[in-house]
Amino acid sequence: MSADRPHSAESQQRSVIRHSPRPSATSAVEVRRSARRRRTVSAYREGDRTIVLIPARMSEAEERRWVTVMLDKLAAQESKRTLGDAELAERAERLSEQYFDGRARPTSVRWVTNQNTRWGSCTPAEGSIRLSHRLQGMPEYVVDYVLVHELAHLLVPGHGPRFWRLLEAYPRTERARGYLEGVVAVERLPHLPTARGE
């Protein structure tokens with residue numbers, strides 16, 4: 001079983017879009033059955049979807065089980081891919097080029113562990129951007145949104161209409177904000193006592 005993008009094209013018997021049962025996964029799962037697959041199952045991300053490739057002979061119950069297994073495997077792999085400060089700075093530079101024609105030029109971009117109530121912060125006078133370590137392991141589009149948000153502050157310090165117009169350039173703004181709001185909401189839920197023996 002593999003959670004990597006397959007190298008060779010396969011003849012798929014059918015392709016089904018299903019909504020993911022878990023909020024932490026991408027919004028849709030596409031299951032592709034292949035008569036050429038005998039035992040292997042693989043999965044990869046493609047934009048907003050997760051593609052799961054399974055043998056055609058699998059039952060619906062096996063399909064559901066393998067989708068869950070592969071979503072968990074992909075999530076575990078993605079959570080291990082933590083960007084260092086240098087990679088974070090390179091990413092910010094690419095995002096500035098892509099969405100702001102390179103006009104937002106931070107002097108430093110780094111992870112910090114002292115931001116527990118904010119996802120990111122920016123000091124325009126210094127050109128410094130800091131991202132909370134709590135973002136590490138979150139989906140890339142969420143980290144990118146926070147970077148784009150802070151890059152926009154280098155151009156417009158406040159949160160007025162001009163600032164939000166700048167953010168419209170990033171296509172996943174609403175989705176990323178929804179994800180972060182969901183994380184905050186979960187953190188505010190009361191912790192229920194676990195059953196004895198758990």
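**Figure 1. Salt bridge between Arg32 and Glu30 in the predicted model****.** The side chains of Arg32 and Glu30 meet at 2.8 Å, N to O. Arg32 is buried, having a relative accessible area of 17%, and Glu30 is likewise buried, with a value of 4%. Both values fall in the buried class because that class covers relative accessible areas under 20%. A network of salt bridges links Glu30, Arg32 and Arg49. In the whole structure, 6 salt bridges are found.

**Figure 2. Salt bridge between Glu63 and Arg33****.** The N to O distance between the two side chains is 2.8 Å. This pair connects distant parts of the chain, with Glu63 in helix α1 (residues 60–80) and Arg33 in strand β2 (residues 28–34), 30 residues apart. Glu63 and Arg33 are both buried.

**Figure 3. Salt bridge between Arg91 and Glu140****.** Here the side chains meet at 3.6 Å, N to O. Arg91 belongs to helix α2 (residues 85–100) and Glu140 to helix α3, so that the pair links distant parts of the chain, 49 residues apart. Arg91 counts as buried at 10% relative accessibility, whereas Glu140 is exposed, with a relative accessible area of 52%. Side chains of opposite charge can pair when their charged atoms come close.

**Figure 4. Packing of helix α3 against helix α5****.** Helix α3 (residues 140–155) and helix α5 (residues 173–188) pack with their axes 9 Å apart and at an angle of about 105 degrees; the two helices are therefore roughly perpendicular to each other. Helix α3 contributes Tyr141, Val142, Tyr145 and Val146 to the contact, and helix α5 contributes Thr173, Arg175, Ala176, Arg177, Tyr179 and Leu180. Of the residues in this contact, 7 are nonpolar, 1 is polar and 2 are charged.

**Figure 5. Strand β7 and its neighbours, β5 and β6****.** Strand β7 (residues 128–132) is largely enclosed by the rest of the structure, because 5 of its 5 residues are buried. In a regular strand the side chains alternate between the two faces of the sheet. In β7, Ser128, Arg130 and Ser132 point one way, while Ile129 and Leu131 point the other way. Strand β5 (residues 108–112) runs parallel to β7 and is joined to it by 5 bridges; Val109 stands opposite Ile129. Strand β6 (residues 120–123) runs antiparallel to β7, with 4 bridges between them, and Ser121 has Arg130 as its bridge partner. β6 and β7 form a hairpin with 4 residues between them, and Gly127 in the turn has a positive phi of about 75 degrees.

Note on methods:
Residues are numbered from 1 along each chain as its sequence is written. This is a predicted model: local features need pLDDT of at least 70, side-chain atom pairs count only at pLDDT 80 or more; totals for chains, interfaces and linings use all residues. Side-chain values use heavy atoms; hydrogens and water are left out. Buried means under 20% relative accessible area, exposed over 50%, partly exposed in between (1.4 Å probe, protein chains only). Two strands pair if DSSP finds at least two bridges between them. Axes are lines fitted to C-alpha atoms, for helices over the stretch in contact, and angles run from 0 to 180 degrees between N-to-C directions. Angles under 35 degrees count as roughly parallel, over 145 as roughly antiparallel, 65 to 115 as roughly perpendicular and the rest as oblique. Contact means heavy atoms within 4.5 Å. Ala, Val, Leu, Ile, Met, Phe, Trp, Tyr, Cys and Pro count as nonpolar, Asp, Glu, Lys and Arg as charged, and the others, Gly among them, as polar. A salt bridge is a side-chain nitrogen of Lys or Arg within 4 Å of a carboxyl oxygen of Asp or Glu.
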